[in-house]
Amino acid sequence: MTAEQPDTPEESLPELFWAVARRLRHQSRRTLEPWEINPGHARALGVLTRHGAQRLSALADHLHIAPRSATEVVDGLEERGLVERRPDPADRRATLVAPTDEGTRVGTAIRAARDAEAGRFFGHLSPTDRDHLTRLLRTLLD
């Protein structure tokens, strides 16, 4: 067995959960390699491509991070030409962050690659098992 795979049936639920989480993180990083983007930037770009332009505070809320951290993420995405800042038409003192055309293209490609990755990872589970796992994970998040 590999270091990521449990090798004994006695492993606890938390140990098994973290082993799966580690495997998902490693696969996610590999999936993002073609775009040379880190997972935090990919998450932010995903929020912006799905939900459209947002204030930094709203983006931070979506990502469950501090506004200062959201600023750093947006700075990194802006340097790569994937997002742009622009005035909020509802309040000219505020700034919106929006994906650029390139950001939308990259965000869409990343979403497709991640969907394919998830299909491979969870594909050996039956539809019923996937539904149960989804329900259980949502329960844990509540």
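How many helices and strands are there in the protein? There are six helices and three strands, where helices (H or I, at least four residues) and strands (E, at least two) are DSSP runs numbered from the N terminus. Read along the sequence, they follow the pattern α-α-β-α-α-β-β-α-α.

Before we go on, a word about the model. It is predicted, so local features need pLDDT of at least 70 and side-chain atom pairs count only at pLDDT 80 or more, while totals for chains, interfaces and linings use all residues. Residues are numbered from 1 along each chain as its sequence is written, and side-chain values use heavy atoms, with hydrogens and water left out.

Now let us look at a pair of helices. Two packed helices are described by the angle between their axes and the distance between the axes. The axes of helix 3 (residues 56–63) and helix 4 (residues 67–79) come within 9 Å and cross at roughly 100°; axes are lines fitted to C-alpha atoms over the stretch in contact, and angles run from 0 to 180 degrees between N-to-C directions. Helix 3 and helix 4 are therefore roughly perpendicular to each other, a label for angles of 65 to 115 degrees. On the helix 3 side, L56, L59 and A60 make the contact, and helix 4 brings P67, A70, T71 and V74. Contact means heavy atoms within 4.5 Å.

Finally, how much of the protein is buried? Buried residues make up 28% of the 142 residues, with buried meaning under 20% relative accessible area, exposed over 50%, and partly exposed in between (1.4 Å probe, protein chains only). L137, in helix 6, counts as partly exposed because its relative accessibility is 35%.

Definitions and conventions:
Angles under 35 degrees count as roughly parallel, over 145 as roughly antiparallel, 65 to 115 as roughly perpendicular and the rest as oblique.
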